[in-house]
Amino acid sequence: MMNVMKQTLKKNSKKGMTLIEIMLVLVLVGFIASFFAKDLFSVFAGGQKKAAKLAIQSLQQQLDLFRLDCNFYPTTEQGLEALGTAPTAGRQCLNYAPKGYLNGKKKAPVDPWNTPFKYESTGGSEYTLKSLGADAKEGGDGDDKDISSADE
């Protein structure tokens, strides 16, 4: 009797999963994942908004350092590129930091949606810096809503 049970166990242990069992597992995993996908995407979108706000705050600090050295903010035409390389057009900065204001980088950073930040200034003492959100267009709601330095 024991020998028969051992032989049966050996035969069954060599048997793998059938195609139907594999498909059933995949369907169940997909069904469960569909419940959590919406929550995952909203968490990811919330993270991008926070990242955009932090990037704006960092750029504000770098713009303030530029203003301390140059006595003005870059003009709209000079843009955020003035933080990476000394502006050659418009008002000139006599005390421009040798490595710029972007920690040695030459290009201005982009927002979490890989879109350049929008920068506007008269070159005086005020500016507006914003991310256009997920849709990369002015205005919007939800994930598409603009994130601006003026909102803080």
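The following legends describe close-up views of a predicted model.

**View 1**

**View 2**
Serine 131 has its own bridge partner in E3, namely isoleucine 147. The hairpin of E1 and E2 has 5 residues between the strands, and in this hairpin glycine 123 takes a positive phi near 90 degrees.

**View 1. The disulfide of cysteine 70 and cysteine 93.**
The structure holds 1 disulfide, which joins cysteine 70 to cysteine 93 with an S to S distance of 1.9 Å. The pair links distant parts of the chain, since cysteine 70 belongs to helix H2 (residues 19-70) and cysteine 93 to the loop between H2 and E1, 23 residues apart. The torsion about the S-S bond is about -80 degrees, and the disulfide is therefore left-handed. Cysteine 70 counts as buried because its relative accessibility is 7%, which lies under the 20% limit; cysteine 93, with a relative accessible area of 13%, is buried by this criterion as well.

**View 2. Alanine 82 and its surroundings in the loop.**
Alanine 82 is placed in the loop between H2 and E1, and its relative accessibility of 2% means that this residue counts as buried. When neighbours within four places in sequence are left aside, alanine 82 is in contact with Phe66, Pro74, Pro87 and Tyr96. Cysteine 93 lies 11 residues from alanine 82 along the chain, and the C-alpha atoms of these two residues are separated by 9.8 Å.

**View 3. The largest nonpolar core and the contacts of leucine 129.**
The largest nonpolar core has 23 residues, of which Leu63, Phe66, Leu80, Leu83 and Leu129 touch the most other members. H2 and E2 are the elements that give two or more residues to this core, and H2 gives the most, with 6 residues. In soluble globular proteins, nonpolar side chains tend to be buried together. Leucine 129, when residues up to four places away in sequence are not counted, touches a set of residues that includes Ile56, Leu59, Gln60, Leu63 and Leu80. Its contacts also include Phe117, Lys118 and Tyr119, as well as Ile147, Ser148 and Ser149.

Definitions and conventions. Residues are numbered from 1 along each chain as its sequence is written. This is a predicted model: local features need pLDDT of at least 70, side-chain atom pairs count only at pLDDT 80 or more; totals for chains, interfaces and linings use all residues. Side-chain values use heavy atoms; hydrogens and water are left out. Two strands pair if DSSP finds at least two bridges between them. Helices (H or I, at least four residues) and strands (E, at least two) are DSSP runs, numbered from the N terminus. A disulfide is a pair of cysteine sulfur atoms within 2.5 Å. Buried means under 20% relative accessible area, exposed over 50%, partly exposed in between (1.4 Å probe, protein chains only). A nonpolar core is a set of buried Ala, Val, Leu, Ile, Met, Phe, Trp, Tyr and Cys residues joined through side-chain atoms within 4.5 Å. Contact means heavy atoms within 4.5 Å.
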